[in-house]
Amino acid sequence: MKDTITPGLSIEACMDILDWFNDEYLDYLNRIMLAKLDGEKRIERALPSIREHCLKLVNAHRDTESAYPMMV
């Protein structure tokens, strides 16, 4: 993974985090991208909320066996 965990997470980093934690939002975002003509724009508008959710997941699992691997 090339990104570090920062407030400016890319959508790719967010999708990786959601996949790591097997979060239900991953399927939801994939469905939006596949089913909606303006899916990319919808995701872009929601990116601040998606980032916040991902950071909460990372922080909640920090220092546990399921912690998200971060590059230092």
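Tyr-68 is buried, with a relative accessible area of 6%; here buried means under 20% relative accessible area, exposed over 50% and partly exposed in between, with a 1.4 Å probe and protein chains only. The model is predicted, so local features need pLDDT of at least 70, side-chain atom pairs count only at pLDDT 80 or more, and totals for chains, interfaces and linings use all residues. Residues are numbered from 1 along each chain as its sequence is written, and side-chain values use heavy atoms, with hydrogens and water left out.

**Exercise 1. Find the aromatic pairs in the whole structure and classify them.**

Step 1: Start with the rule. Rings of Phe, Tyr and Trp (its six-membered ring) pair if their centres lie within 6.5 Å; planes under 30 degrees apart are stacked, over 60 edge-to-face, and the rest tilted.

Step 2: Count. The search of the whole structure gives two aromatic pairs.

Step 3: Take Trp-20 with Tyr-68. Their centres are 5.9 Å apart and the planes make 90°, an edge-to-face pair. Trp-20 sits in helix α1 and Tyr-68 in the segment after α3, 48 residues apart, and the pair links these distant parts of the chain. Helices here are DSSP runs (H or I, at least four residues), numbered from the N terminus, and strands are runs of E of at least two. Trp-20 is partly exposed at 45% relative accessibility.

Step 4: Now take Phe-21 with Tyr-68. This pair is tilted, with 6.4 Å centre to centre and 40° between the planes. Phe-21 lies in the loop between α1 and α2 and Tyr-68 in the segment after α3, so the pair ties together parts that are 47 residues apart in sequence. Phe-21 is buried, at 15%.

Step 5: Trp-20, Phe-21 and Tyr-68 are linked into a cluster by ring pairs.
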